[in-house]
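This report walks through one protein fold.

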Amino acid sequence: MTVSADSGATGAATPQEPQLKRVLGWKLLLLFIIGDILGTGVYALTGQVAGEVGGAAWLPFLIAFAVATLTAFSYLELVTKYPQAAGAALYVHKAFGVHFLTFIVLFTVMCSGITSATTASRAFAANMLTAFSGGDEPDSTNPALLFFAIGFLLLVMFINFRGVAEGVGTNVVLTLVELSGLLLVIFIGYWFIIGGNAEHWDAVIAFETAADKNAFIAVSAATALAFFALVGFEDSVNMAEECKEPTRIFPKVMLTGLGITAVVYVLIAIAAVAIVPVGDLAESDTPLVQVVEAAAPDFPMTELLPWISMFAVANTALINMMMASRLLYGMAKQGVLPRFLSYVHPGRRTPFAAIIFTTVIALCLLVYVSADPDSNVVGLLGGTTALLLLAVFTVVNIAVLVLRRDKVEHKHFQTNVVFAVLGAVTSGALTLPFARADNEQYVIAGWLLLLGVILWALTYWWHRRHPVGEAHLEDVG
């Protein structure tokens, strides 16, 4: 498999092919990022993080945002330098030129979006059953959880197929709903705290870890899990071809989105551990519902919050499945993946083949993980998402340093070398076993990457048998 700069080679889009529609301005892009970050992470994983470190649940979120911001600077340099849909996989290919590495990075990013969406589908089903039961959480063995999660993923596929305008329009509505819900939780929680009713306020600065973990290991594991919440800026770079003036608007929008969501996450984490015992938070799939029930049991928000949580996790799934399909489309368009994955529906102008492919993988993963009734599906898949992303972040931070030698004609954002080095070191450290709350995450990630290796081998074999279809990667910029 060879690499060529020939823009007319097989694998590159021709002028006659339908192109992606540029509909994202800075407002829609900001809502896209905020909606993705404020989704399943805060609504479903606050309790999981508290279970690792006790009352200091705010600290892992703060550290995770700090580390993510270092990597965000690297992404900003790359997306403004090469504003194309393929994201991290394209950057790695331009930096190292190794097709196998490019394919693995591509598949890893795609899998992170799929595991995130699958996590969200399970959380959606749990919140739906909680809403219909009047506030009672469903048992993990309830078969309705799997049924509704599957139905939800199919609905996301339909919205994704309808088009990016419909998908982003839905994202705007869901983002406003979930942000309103979080602001209400913050208002109710801090009103309760200011009134002197928070019996667990002292727990906010208390570490409560398992007997076999010291504070450093516990915080590292919780920080790695908190990274599940930070897929927003990785998803956004894969929407570059559907964004208006990406080189100009990406830096301010991405950093603004990270800043807003960091404040919300920390405020929510502090209120949660101050109002509800850490043990109860850790065992709950709907922790924010418990916070509102404890702070304002007579407030109608108690019945409303499960519905808001459903919208929030739905937003996460929609955005991540949009990202995964666009990622496959972007690299297939360049000829690195089979050409059929770049097919755009002539009427809807959406990458329908990539949408179907990613949905099938998500459904298979959901069924597989749900087969064990004792499995903590949300925590396990959320941790796997973070593991996959941290591995990609490590490589991207290295790639941005390598690509400093590649000059482009247009102006673009440029990160500090120290930030890129620190981003690579911290992201890499958080992929190590000491930062894993459950080693089963390695097993799931391993099976997914094995699937990637098999697909890469089949693609390589196909191109060797059909030289006319050799892969090409256009020079960008």
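Buried means under 20% relative accessible area, exposed means over 50%, and partly exposed lies in between (1.4 Å probe, protein chains only).

The model is predicted, so local features need pLDDT of at least 70 and side-chain atom pairs count only at pLDDT 80 or more, while totals for chains, interfaces and linings use all residues. Residues are numbered from 1 along each chain as its sequence is written, and side-chain values use heavy atoms, with hydrogens and water left out.

**Overall fold**

The protein chain has 18 helices and zero strands. Both are DSSP runs numbered from the N terminus: helices are H or I with at least four residues, strands are E with at least two. Of the 477 residues, 58% count as buried. Among contacts between residues at least 6 apart in sequence, 84% join residues at least 24 apart.

Helix lengths can be checked against an expected span, which is 1.5 Å times one less than the number of residues.

| Helix | Residues in helix | End-to-end C-alpha distance | Expected span |
|---|---|---|---|
| α4 | 24 residues | 34 Å | 34 Å |
| α15 | 19 residues | 27 Å | 27 Å |

An α-helix has 3.6 residues a turn, so residues three or four places apart point the same way.

Helix α4 is mostly covered, with 18 of its 24 residues buried.

**Around Thr115**

Thr115 sits in helix α6 (residues 99-132). Its relative accessibility is 0%, so Thr115 counts as buried. Its side chain makes a polar contact with the side chain of Thr385, at 2.7 Å. A polar contact is a pair of N or O atoms within 3.5 Å; within protein, one must be able to donate a hydrogen and the other to accept it, and residues adjacent in sequence count only if both atoms are side-chain atoms. Beyond neighbours within four places in sequence, Thr115 is in contact with Leu365, Leu381, Thr384, Thr385, Leu388 and Leu448.

**The core**

A nonpolar core is a set of buried Ala, Val, Leu, Ile, Met, Phe, Trp, Tyr and Cys residues joined through side-chain atoms within 4.5 Å. The largest one has 148 residues, and Met110 and Phe227 have the most contacts inside it. Not counting residues up to four places away in sequence, Met110 touches Ala324, Leu327, Leu328, Thr358 and Ile361.

The rule asks for a side-chain nitrogen of Lys or Arg within 4 Å of a carboxyl oxygen of Asp or Glu. Glu77 pairs with Arg404, and their closest N and O atoms are 2.9 Å apart. Glu77 lies in helix α4 and Arg404 in the loop between α16 (377-402) and α17 (417-429), so the pair ties together parts 327 residues apart in sequence. Glu77 is buried, at 1% relative accessibility.

Aromatic pairs number ten. Rings of Phe, Tyr and Trp (its six-membered ring) pair if their centres lie within 6.5 Å; planes under 30 degrees apart count as stacked, over 60 as edge-to-face and the rest as tilted. The ring centres of Phe65 and Tyr265 are 5.6 Å apart and their planes stand at 65°, so this pair is edge-to-face. It links helix α4 (residues 58-81) to helix α11 (residues 246-275), with the two residues 200 apart. Phe65 is buried at 4% relative accessibility, and Tyr265 is buried at 1%. Phe61, Phe65 and Tyr265 form one aromatic cluster.

**A buried arginine**

Arg436 is found in the loop between α17 and α18. Its relative accessible area is 6%, so Arg436 is buried. Leu387 is 49 residues away in sequence, yet the C-alpha atoms of Arg436 and Leu387 are 8.4 Å apart. Leaving aside neighbours within four places, the contacts of Arg436 include Ala221, Ala224, Gly383, Leu387 and Gln441.

Note on methods. Contact = heavy atoms within 4.5 Å.
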